[in-house]
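Work through the exercises below with the structure open beside you. Try each task before you read its solution.

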Amino acid sequence: MDSLNVQEITLQIRVSDYEQGYQWYEKLFGRPANFIPHEDFAEWEIRSGCWLQVAEGEPAVGSGPLRLGVTEIEKARDRIVSEQGIEVSPVNTREGVPAKWCTFTDPWGNRLGLFEDLG
């Protein structure tokens with residue numbers, strides 16, 4: 001069987017209020033979207049070839065979390081709590097797992113999180 005040979009990744013999160021959603025994600029990433037191809041749709045290139053789309057629509061129930069890898073999870077968690085004014089779970093670890101992680105939800109119910117690779 002041939003491999004899929006994936007070159008890039010695009011993930012989409014839906015928000016019921018696009019303007020508020022755009023502002024929330026702009027604050028989360030600390031910058032405007034890289035690409036706004038049409039009304040009610042924006043894309044941030046999180047890393048080369050890895051895109052997050054924010055679109056107006058009904059959030060998907062039960063999906064996620066989409067975890068974003070960071071280098072200093074405690075610092076990133078504290079920033080999100082203070083700047084976004086939301087609850088974020090404590091940073092978790094588990095014996096045998098070479099990562100730390102935490103989880104939070106955007107105002108539209110999309111499950112997100114952070115992780116720090118300890119390997």
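**Exercise 1: the largest pocket**

About 570 Å³ of space lies in the largest pocket. The closest to its centre, of the 21 residues in its lining, are I46, L68, G69, V70 and L114. The model is predicted: local features need pLDDT of at least 70, side-chain atom pairs count only at pLDDT 80 or more, and totals for chains, interfaces and linings use all residues. Residues are numbered from 1 along each chain as its sequence is written, and side-chain values use heavy atoms, with hydrogens and water left out.

Task: sort the lining of the largest pocket by class.

Solution. 
- Step 1. Set the classes: Ala, Val, Leu, Ile, Met, Phe, Trp, Tyr, Cys and Pro are nonpolar, Asp, Glu, Lys and Arg are charged, and the others, Gly among them, are polar.
- Step 2. Count: the lining has 13 nonpolar, 2 polar and 6 charged residues.

**Exercise 2: a salt bridge**

Solution. 
- Step 1. Apply the cut-off: a salt bridge has a side-chain nitrogen of Lys or Arg within 4 Å of a carboxyl oxygen of Asp or Glu.
- Step 2. Check the distance: K100 and E74 meet at 3.0 Å, N to O.

**Exercise 3: buried or exposed?**

Task: classify K100 and E74.

Solution. 
- Step 1. Recall the limits of relative accessible area: buried is under 20%, exposed over 50%, partly exposed in between (1.4 Å probe, protein chains only).
- Step 2. K100 has 17%, so K100 counts as buried.
- Step 3. E74 has 37%, so E74 counts as partly exposed.

Conventions. 1 Å grid on protein atoms, 1.4 Å probe; cavity = no way out; pocket = protein on both sides within 12 Å on 5 of 7 lines; lining within 4 Å. Points joined across faces, edges and corners; volume = space filled by probe spheres on them.
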